[in-house]
Every structure is written in C-alpha cells, then in structure tokens.
Amino acid sequence: MLQKALVGAYIVKQQLTGNRRYPLALMLEPLFRCNLACNGCGKIDYPDEILNQRLSLEECLGAVDECGAPVVSIAGGEPLLHRDMPAIVRGIIARRKFVYLCTNALLMEKKLDDYQPSPFFVWSVHLDGDEEMHDRSVCQEGVYTRAVAAIAAAKARGFRVNINCTLFNDAKPEQVAAFFDSTKALGIDGITVSPGYAYERAPDQQHFLNREKTKQLFRDVLARGRKGKDWSFSQSSLFLDFLAGNQTYHCTPWGNPARTVFGWQRPCYLLGEGYTKTFRELMDTTDWDAYGTGNYEKCADCMVHSGYEATAVNDTVLHPLKAMKVALRGVRTEGAMAPDLPVDKQRPAQYTFTQHVEIKLADIKRAKQVQEVAVETQ
Ligand code: SF4
C-alpha cells in the first residue's frame, strides 16, 4: 500500500507538471558478471575486462539521484557478487526509494545477514518455473532447490520476497499455472512474469516467444487461475491484460531507464544501442520515435515489462475504471484480441554490440594507463 501510494503520488505529480516522459523504475546494473550462464541471457557475453567492471557505491547512488525514479531494480549480472551491495541497498532505502534486489539466489542465504527487512526492500528471486523448468532455464541442476531454500530463510526473517519469472516458447500453460499455485505455499509476496526478450547475444535463439504465441500462452495460463485472480502479481492489471492480447500499447522505454557500467543505456534495459554520460543527456538526445514495436526490427516481438509496464501504469492513471474492472473481473482470456501494431514500416536492425565493446575496452585501457602513470609519479 505504501508503495502504491508513493508511486501513485509521483505519477500524479509528473502528469500535473506536464512531464510527458518520466522514469518509473531505474534498472541499475552495477556489474555484468554472473555465477550462472543461462541460455536465454543476453547480458553476460562480454570480455573479462568488462565483466570485471563494477559501478561504485557513489556511481550507483548518483544514478539513483540523477534519475529520480521512485523504484530501483538492481539487476546484472548477479548483484550479490558486488561487495558494496549492502551499502548500495541501504543508500537507496535511505532515499525512500523502493529497492528490488534481483538475484538468482545462489548466494542469498549466505548474505541474508547483510540486509534488514524494510517496507522499501524486496528480494526479487529469479525463478522461471518449477524445478524442471527452472533448472533447464538456468542450465544447472539444483538451482531451484537452493532458491527455494533461500526464499524460505528470507521469509522466516520477515523479508518481502517476490519472484521474477521469464517464460519461453516451451512453457506448458498447465505447468506454469501449477507453478504459480505453488508460490502460495512458498509465501511469495508477488510474481513478476514476462516473456523472454530475444537478446541477439543469447546462446539459445530457438526458444523466444513471438507476440502471437506470447498472447495465447498468457491467455492459456491465466485462464487456469480464475483469469489471473488466483495469483498475487506484482504488476499492474493492465500489463497482464496487454500480455493476454487485450490492449494495443506502444512501448515507453524511458519508463525503465538502464544505468550500466557502459553509462546510461539507449534506448532501454534490453537494447544497448548507445550510451550517454548523464540521465538528462539520455532523455534529451535519444530519438525515442526510432524505437518500439512497429518502429524498429529488434522491437518487433518485444512485450517485456521494462518496455510496457510503464505504458500500462500510465494507462491505469488515465483510465482507473478500466484498470479496476480488469483487477476485479480478471483478465479476459477468450474472444477477439486487440489489433497489434503494424510492423511493415519498421527500420531494419543495426548491430552495434562489437563497436560499443571496443569503445569500452579502449576506455578501460586508457584508465589503467593513467592509473599506472599516477602510481609511478608518486
Ligand atoms: S519495444 Fe521498447 S522495451 Fe522492447 S526492446 Fe524495443 S525499445 Fe526496448
């Protein structure tokens, strides 16, 4: 309730001041290094020099202040590998921002003592389904069991714990529904669910969902849980309605801006098509109309929360009755779907990954040389 009230007040303030583009959740990625190597991950395919980079405590808190979003989602990589993570979390909470600390939970139980329960703090544990689904998704046996043990330990200490679940095209609706049912016994406070984004650098390109399959999958899953009302989602009802094909939404990538070791990422958390030094520069110099479904080939199949949750939240503020109806009646899982955005005029994909990696490697080399010269002259 506190989160809804504070985030709601923030949105109303933005609307009243006529701010058309504002951030809702900062995606903070203080490192790319991870202790897993999942098939669907597009974040860890970097040379070691880049995987060894970390955003400092000052850089993380500076990004939070610059951006001003009321919610901060700390992702990666695996955030618990960052030695200053407890101080980063404390610093964000001190600013009365809501922190979602995303983790694969392999280190979570061991590190629980470093954190304190707070209404501003949520563990967001990566769990892509039941034991079979999740261990297949993360390419390692035993990860589900460890994650569930860590969730139980965190709940026993009074923490809020969510799960973030990514679905791929091999997801079986009845299995996903049974998994969502099982989250009640685990004491999970909220579920964040999203279709996997087809990262161009992900090792497995075969299992990403296209829009048509995404909508049908979500209808088939939600229909098994009283149109979604059986489960406690930590997402807006209209975003779920969008996933089930009942809303035609344009993406609002500025709603979830991403700050990584490269800088502020253009245009969104999923695509690294350029970087800026400051948040203001990102907002002012990004050609936002060049992105989104219908505008750009790499966006054609995207229905991910980091692009569309902010759209749904804005729609909720503008049309509260529509949102309330979906929340009370559940998501419609039958009948005609809303028209999708045409993609016949989208611009072709550009592949800039290597160029950005080369620029970053040159930066790292330069910084190292400067450091060496400074040591020599001391
Ligand atoms: S549709 Fe939006 S969120 Fe999705 S990849 Fe494109 S710009 Fe990013």
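This is a predicted model: local features need pLDDT of at least 70, side-chain atom pairs count only at pLDDT 80 or more; totals for chains, interfaces and linings use all residues.
Local features need pLDDT of at least 70 and side-chain atom pairs count only at pLDDT 80 or more, while totals for chains, interfaces and linings use all residues. Residues are numbered from 1 along each chain as its sequence is written, and side-chain values use heavy atoms, with hydrogens and water left out. Helices (H or I, at least four residues) and strands (E, at least two) are DSSP runs numbered from the N terminus. Buried means under 20% relative accessible area, exposed over 50%, and partly exposed in between (1.4 Å probe, protein chains only).

**Aromatic pairs**

- Rings of Phe, Tyr and Trp (its six-membered ring) pair if their centres lie within 6.5 Å; planes under 30 degrees apart count as stacked, over 60 as edge-to-face and the rest as tilted.
- By this rule there are 22 aromatic pairs.
- Phe-180 and Phe-233 have ring centres 5.7 Å apart and planes at 90 degrees, so this pair is edge-to-face.
- Phe-180 belongs to helix H8 (residues 173-186) and Phe-233 to the loop between H9 and H10, so the pair links distant parts of the chain, 53 residues apart.
- Phe-180 is buried at 1% relative accessibility, and Phe-233 is buried at 14%.
- Trp-254 and Trp-288 also form an edge-to-face pair, with 5.5 Å from centre to centre and 75 degrees between the planes.
- Trp-254 sits in the loop between H10 and strand E7 (258-260), and Trp-288 in the loop between helix H11 (279-285) and helix H12 (305-318); these parts are 34 residues apart.
- Both Trp-254 and Trp-288 are buried.
- A cluster linked by ring pairs holds Phe-32, Tyr-46, Phe-262, Tyr-275 and Phe-353.

**Salt bridges**

- A salt bridge is a side-chain nitrogen of Lys or Arg within 4 Å of a carboxyl oxygen of Asp or Glu.
- The whole structure contains 17 salt bridges.
- One of them joins Arg-157 to Asp-113, at 2.5 Å from N to O.
- Arg-157 is in the loop between helix H7 (143-156) and strand E5 (160-167), and Asp-113 in the loop between helix H5 (108-111) and strand E4 (121-126), 44 residues apart.
- Arg-157 is partly exposed at 43% relative accessible area, whereas Asp-113 is exposed at 58%.
- Lys-215 and Asp-340 form a salt bridge of 2.8 Å, N to O.
- Lys-215 lies in helix H9 and Asp-340 in the loop between helix H13 (320-329) and helix H14 (353-377), so the pair ties together parts 125 residues apart in sequence.
- Lys-215 is buried at 9% relative accessibility, while Asp-340 is partly exposed at 34%.
- Arg-226 forms a salt bridge with Asp-230, with 2.7 Å between the closest N and O atoms.
- Asp-230 is partly exposed, at 26% relative accessible area.

**Positive surface patch**

- Lys-227, Lys-229, Lys-325, Arg-329 and Arg-332 gather in a patch of positive charge on the surface.
- Patch residues have over 30% relative accessible area and no salt bridge; like charges are joined within 9 Å, and nonpolar side chains (Val, Leu, Ile, Met, Phe, Trp, Tyr) within 5 Å.
- Lys-227 is in the loop between helix H9 (211-223) and helix H10 (237-243).
- Lys-227 is partly exposed, with a relative accessible area of 38%.

Notes
Accessible areas come from the Shrake-Rupley method with a 1.4 Å probe; for residues, only the protein chains shown count as cover. Lys and Arg count as positive and Asp and Glu as negative; His and the chain ends are not counted. The place of a charge is taken as NZ of Lys, CZ of Arg, CG of Asp or CD of Glu.
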